[in-house]
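Hi everyone, thanks for making time for this.

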Amino acid sequence: MDDRDGRDGTGAVSNGNGDGGGPGTVRTKDWQLSLHVVEERDTTRVHAVLDADGAVLRSDALARRNPRDDPAPAVGDEFAVGRALVDLGHQLLRAGTQGATGSVED
């Protein structure tokens, strides 16, 4: 361990008491989000994949343009991606609830 910067070689910042964990320990994690956006005519489809430190969550969403609206592909992207991200958020909340309580909730 390098006492000058508090890092223990694993990416964790030590609390200085040498135990490598407990109160005061800061850990950094990188989660990867991949969004695959496909526009076809008046429909935008999104496949989202979140790799949350090894736990992988997936979501598929779509948005359709109202035929009376002017074409605006960016708006379709925003709606479809937003829906996929909301779904991933709900999945994360369910997983957190299950992890904290040990219960399965629909």
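**A greasy spot on the surface**

Let's start with the nonpolar patch, where β1 is the biggest contributor, with 3 residues. The patch as a whole is made of Leu33, Leu35, Val37 and Leu85, and together they have about 300 Å² of accessible area. What counts as a patch here? It takes residues with over 30% relative accessible area and no salt bridge, with nonpolar side chains (Val, Leu, Ile, Met, Phe, Trp, Tyr) joined within 5 Å and like charges within 9 Å. The areas come from the Shrake-Rupley method with a 1.4 Å probe, and for residues only the protein chains shown count as cover.

Before I go on, a word on where this comes from: it's a predicted model, where local features need pLDDT of at least 70 and side-chain atom pairs count only at pLDDT 80 or more, while totals for chains, interfaces and linings use all residues. Residues are numbered from 1 along each chain as its sequence is written, and side-chain values use heavy atoms, leaving out hydrogens and water.

Okay, the overall layout. The protein has 1 helix and 3 strands, and from the N terminus they run β-β-β-α. Those are DSSP runs numbered from the N terminus: helices are H or I with at least four residues, strands are E with at least two.

How much of the protein is buried? Of its 106 residues, 21% are. Buried means under 20% relative accessible area, exposed means over 50%, and partly exposed is in between (1.4 Å probe, protein chains only).

Now, how many salt bridges does the structure hold? There are 2, where a salt bridge is a side-chain nitrogen of Lys or Arg within 4 Å of a carboxyl oxygen of Asp or Glu. One joins Asp53 and Lys29, at 3.9 Å from N to O. That pair links distant parts of the chain, 24 residues apart: Asp53 is in the loop between β2 (43–52) and β3 (55–64), and Lys29 is in the segment before β1 (32–40). Lys29 is exposed, at 54% relative accessibility.

The other pairs Asp42 with Arg65, with the closest N and O atoms 3.0 Å apart. Asp42 is in the loop between β1 and β2 and Arg65 is in the loop between β3 and α1 (73–101), so this bridge ties together parts 23 residues apart in sequence. Both partners are partly exposed, Asp42 at 34% and Arg65 at 25%.

Most residues other than glycine have a negative phi. Arg41, though, has a positive phi, near 55°; it's in the loop between β1 and β2 and is exposed at 82%.

Last stop: which residues lie nearest the centre of the largest pocket? They're Asp42, Arg64, Arg65, Ala72 and Gly76, out of 18 lining residues. Helix α1 gives the largest share of that lining, with 5 residues.

Conventions:
On a 1 Å grid over the protein atoms alone, a cavity is a set of points where a 1.4 Å probe fits but cannot get out, and a pocket is an open set with protein on both sides within 12 Å along at least five of seven lines; lining residues have an atom within 4 Å of a point.
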